[in-house]
Amino acid sequence: DWGGVGFLLEGYERWNDKLPKFEAKNDELYAVYKIYRRGEKVSQDEEEFNQLTPAASDELADYFGEFGSFIEFKDRFNDFKDAALQRFQKLGGGEEIEFELWRKMKEWSLEDFNKFYDLINIHHDYTLGESFYAARGDMLVQDKLSSGEIVLFTDELAKNELNFLQTELEAGRITQEIFVRLQAEIENDVGASVVLLKNHKRFLVKKSNGTTLYATRDLAGIEHKVETFHPARLVYEVGGEQTEYFRNLFEAARVLNLVENESVNLTHVAHGLYVDSKTGKKLSSREGAASVERLIKESIKYFRAKYDQRSTEEFPLSNEEKDRNAKLLAVGSIAFNDIKQDKKFPIAFDQDIEKNIKLFEESGGAYIMYSLARARSIIRKSDVKPADSIVVTEDYKDLSEEEVSITKMIAEYPRVILKSASLDGPSILAGYLLDLANAYNSYYEKYKVLEKGKLLYPHRLLVTNAVAIVLDNGLKLCHAEAPEII
């Protein structure tokens, strides 16, 4: 809600009367974003410019100003970028017009985001946006410049780095292509504020023109969270393409003494993205959220329709209960599908919503919920209340092989939780729950627990009750709450 917001401010002010109107104001901001990104792409590639249709060319001219050639369009776009930078600098300086517009935009975004989070039953204790750390980040850089922990990247430092690069190139440790790229970065960083890292790396925290960066605010965020919450661990759940950035961020935080030694574990948990199943192209955050929102709404209809196909005598639920259950099944199935995947890899998303619903239902979340509902049904029908009050007289030697196996699986549950947590791998838990549900369903088909509500073998009710407790608890950890009756 801060970095890069200059182009949103400039675009909204400049194009407000031309933008398509939407029910949600945040969609207008997305329209500004798409126009800006389209202009940026065309301004950086003459071939892209030459492929513009007359209609596309007219649209760009409507937003950025008339142009007759690639060079002219590039100039128009750069004029816009300069104006956007000035907007951002005014925002950073607390100018009233920019600040009030930014505040409104933030409210529009949060309103839109919260609709989505409400739909998937997620609520946050704190929402501290990037802007929360804007002023603090600027102050941090000034303080650390004074102490010498942050330095100005001078011509002399740049010369040393270029000499080192030349040595690496001559020794064959880097290619000419990498040399040219790093050389351009060194020259571009002259005059900027940087944190010097190991192995001739530097972490840029303020540009030479005085503009702050994500890094500035991320460092301030670490400082604030450590001081405020005294955490044992800070986890950044961000896409895998940011791995190097977070490695450098964490090293910079330690160089600046924002975190003492290993007192706080700074962790980047990398994850893949939603991609189009046909093209393999990643969906933008906006496209991904919109697709998932559409998927959830259609999934709710899908599960609700299943209830309507059943008799009221078999499933005596009110319409409100059916609606609630359908939502739990939809959200739980989709959440479980995400958690079941190894998060390092992308998740394929098919634009055919019906196909997606069936795939997600079959991925296991709904299956585990059905298994839990079956176990709960047995417990409800039993004449023993509560189910764990039974005194078992059978000798363990009399247990079947399946009962021994399930008992051992249940005993493993705490270790599975610890392993999932220590490896940041919730898919381990998801796999375990699927295995337990499979084992219990096989057991249920082979061994009767009740006969007209009467217990045949008391220990089987204890097994059933234990399975129900573990499945219920495990599903909740996977953000999948199971309905009592399915």
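## Salt bridges and burial

K206 counts as buried, at 10% relative accessibility; buried denotes under 20% relative accessible area, exposed over 50%, and partly exposed the range in between, with a 1.4 Å probe and protein chains only. The model is a predicted one, in which local features need pLDDT of at least 70 and side-chain atom pairs count only at pLDDT 80 or more, while totals for chains, interfaces and linings use all residues. Residues are numbered from 1 along each chain as its sequence is written, and side-chain values use heavy atoms, with hydrogens and water left out.

The side chain of K206 meets that of D138 in a salt bridge, at 2.7 Å from N to O. A salt bridge here is a side-chain nitrogen of Lys or Arg within 4 Å of a carboxyl oxygen of Asp or Glu. This pair links distant parts of the chain, with K206 in strand β3 (residues 202-206) and D138 in helix α7, 68 residues apart. Helices (H or I, at least four residues) and strands (E, at least two) are DSSP runs, numbered from the N terminus. D138 counts as partly exposed, at 31% relative accessibility.

Side chains of opposite charge can pair when their charged atoms come close. By the rule above, the count comes to 34 salt bridges. Three of them are set out below.

| Salt bridge | N to O distance |
|---|---|
| K206 and D138 | 2.7 Å |
| E98 and R87 | 2.9 Å |
| R376 and E484 | 3.7 Å |

E98 and R87 form a salt bridge with an N to O distance of 2.9 Å. This pair again links distant parts of the chain, as E98 belongs to helix α6 and R87 to helix α5, eleven residues apart. E98 is buried, with a relative accessible area of 5%, and R87 also counts as buried, at 16% relative accessibility.

R376 is in helix α15 (residues 365-381) and E484 is in the segment after α18 (458-477), so the pair ties together parts that are 108 residues apart in sequence. R376 counts as buried at 12% relative accessibility, whereas E484 counts as partly exposed at 48%. Salt bridges that share partners also join E10, R14, R87 and E98 into one network.

Helix α1 (residues 6-15) is mostly covered, eight of its ten residues being buried.

L256 lies in the loop between α11 (243-255) and β5 (265-271). L256 is buried, with a relative accessible area of 0%. Leaving aside residues up to four places away in sequence, L256 touches K144, E149, I150, V195 and L219, a contact being heavy atoms within 4.5 Å. From L256 to E362 the distance is 49 Å, C-alpha to C-alpha, and the two are 106 residues apart in sequence.

## Surface patches

Patches are made of residues with over 30% relative accessible area and no salt bridge; like charges are joined within 9 Å, and nonpolar side chains (Val, Leu, Ile, Met, Phe, Trp, Tyr) within 5 Å. Y126, L128, F132 and F229 form a nonpolar surface patch with about 430 Å² of accessible area together. Accessible areas come from the Shrake-Rupley method with a 1.4 Å probe, and for residues only the protein chains shown count as cover. L128 is placed in the loop between α6 (96-119) and α7 (134-147), and counts as partly exposed at 34% relative accessibility.

E72, D75, D79 and D82 form a negative surface patch. D82 is found in helix α5 (residues 70-92) and is partly exposed, with a relative accessible area of 44%.

## The chain as a whole

The protein chain contains 18 helices and nine strands. Its C-alpha trace spans about 85 × 55 × 45 Å along the principal axes. Of its 486 residues, 42% count as buried. The chain exposes about 27,100 Å², of which carbon and sulfur atoms supply 51%. Among contacts between residues at least 6 apart in sequence, 72% join residues at least 24 apart.

How values were computed. Lys, Arg positive; Asp, Glu negative; His and termini not counted. Charge placed at Lys NZ, Arg CZ, Asp CG, Glu CD.
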